[in-house]
Amino acid sequence: MNLITSVLVIQYGLILSLAFFVSKLYRQVRELKLKPQTAVTGHEEPAVPKEGLELGTQIPRADYTSMAGDTVNLYDGKSKILLFTMNHCNACKETYGAIKSFRASHPDLPVTLFLYAQDAKEAAEMAVANELNDLQVVWADRALIDSFKVNRFPLAFYISEEQLVLNKSVTNYLHHIEQMINQLPQAKPSALNKSA
């Protein structure tokens, strides 16, 4: 066998090996896509997103001012929902209607909406465009978003009376918010308090 024939045999062997591995990889990916996802029923614990402050963690203590110029006191001894959205987020637009419906059915549970935008002017325009005037809205800059470890939108936190994170959820629809407050996951013992 001459040198050219040996090189061709090796090349064909490598091509066949590569084709074999690509076909196995394709089958594995296809199986993953076809694998049914288990739905959350009323008896199962919902998945808690990795994003955001950990369960049982106290929220950052800081002074916030609403878009209306009011002081926002998150350390008022009340349970509450903190919702983080951002400009140019299509999923967030669904959330605005859901949070309005939620507030109508839960008037005693305060909701503070943090709008992540380039600047306060953009946040104010966003609040007007989405008719959020009846909500307590705070412009969120990058530092505020980072202090809550938010890197996915829309993200909501259910906060205890002691300002601890009881639950969190990516919230596009009303049932996501309802599930977040009604199906509390197993958290750190410090997070389980009388507001739960």
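A salt bridge is a side-chain nitrogen of Lys or Arg within 4 Å of a carboxyl oxygen of Asp or Glu. The legends below describe a predicted model.

**Figure 1. Salt bridge between Glu51 and Arg152.** The side chains of Glu51 and Arg152 form a salt bridge, with an N to O distance of 3.6 Å. The pair connects distant parts of the chain, its two residues being 101 residues apart. Glu51 belongs to the loop between α1 and β1 (64–65), whereas Arg152 belongs to the loop between α4 (142–147) and β6 (155–159). Arg152 is partly exposed, with a relative accessibility of 39%. This pair is one of three salt bridges found in a search of the whole structure.

**Figure 2. Salt bridge between Asp76 and Lys80.** The N to O distance between the side chains of Asp76 and Lys80 is 2.8 Å, and the two residues form a salt bridge. Asp76 is partly exposed, at a relative accessible area of 33%. Lys80 counts as buried because its relative accessibility is 2%, and buried means under 20% relative accessible area.

**Figure 3. Salt bridge between Arg142 and Asp146 in helix α4.** The closest N and O atoms of Arg142 and Asp146 are 2.9 Å apart, and the residues form a salt bridge. About one helical turn separates Arg142 from Asp146, because the two are four residues apart in helix α4. An α-helix has 3.6 residues a turn, so residues three or four places apart point the same way. Both partners are partly exposed: the relative accessibility is 42% for Arg142 and 43% for Asp146.

**Figure 4. Disulfide between Cys89 and Cys92.** A disulfide links Cys89 to Cys92, with an S to S distance of 2.4 Å. The count of disulfides comes to one. The link of Cys89 and Cys92 is right-handed, with 75° about the S-S bond. Cys89 and Cys92 are both buried.

**Figure 5. Buried residues of helix α2.** Helix α2 spans residues 90–105, and its buried residues are Cys92, Thr95, Tyr96, Ala98, Ile99 and Phe102. Cys92 is also a partner in the disulfide with Cys89. The elements that cover the buried residues of α2 include the strands β3 (80–86) and β4 (111–116), together with the helices α3 (120–129) and α5 (174–182).

**Figure 6. Phe84 in the largest nonpolar core.** The largest nonpolar core contains 47 residues, of which Phe84, Phe148 and Phe157 touch the most other members. Apart from its neighbours within four places in sequence, Phe84 is in contact with Phe114, Leu144, Ile145, Phe148, Val150, Phe153, Pro154, Leu155 and Phe157.

Figure 7. Ile4, Leu8, Tyr12 and Ile15 make up a nonpolar patch on the surface, and their accessible area together is about 440 Å². Ile4 is part of helix α1, which covers residues 3–34. This residue, Ile4, is exposed, with a relative accessible area of 61%.

**Figure 8. Overall arrangement of the protein chain.** The protein chain has five helices and seven strands, and along the sequence these follow the pattern α-β-β-β-α-β-α-β-α-β-β-α. Of its 196 residues, 38% are buried. Among contacts with a separation of 6 or more, 71% involve residues 24 or more positions apart. The accessible surface of the protein chain is about 12,100 Å², and carbon and sulfur atoms account for 55% of that area.

Terms used
Residues are numbered from 1 along each chain as its sequence is written. This is a predicted model: local features need pLDDT of at least 70, side-chain atom pairs count only at pLDDT 80 or more; totals for chains, interfaces and linings use all residues. Side-chain values use heavy atoms; hydrogens and water are left out. A disulfide is a pair of cysteine sulfur atoms within 2.5 Å. Buried means under 20% relative accessible area, exposed over 50%, partly exposed in between (1.4 Å probe, protein chains only). A nonpolar core is a set of buried Ala, Val, Leu, Ile, Met, Phe, Trp, Tyr and Cys residues joined through side-chain atoms within 4.5 Å. Contact means heavy atoms within 4.5 Å. Patches are made of residues with over 30% relative accessible area and no salt bridge: like charges are joined within 9 Å, nonpolar side chains (Val, Leu, Ile, Met, Phe, Trp, Tyr) within 5 Å. Accessible areas come from the Shrake-Rupley method with a 1.4 Å probe; for residues, only the protein chains shown count as cover.
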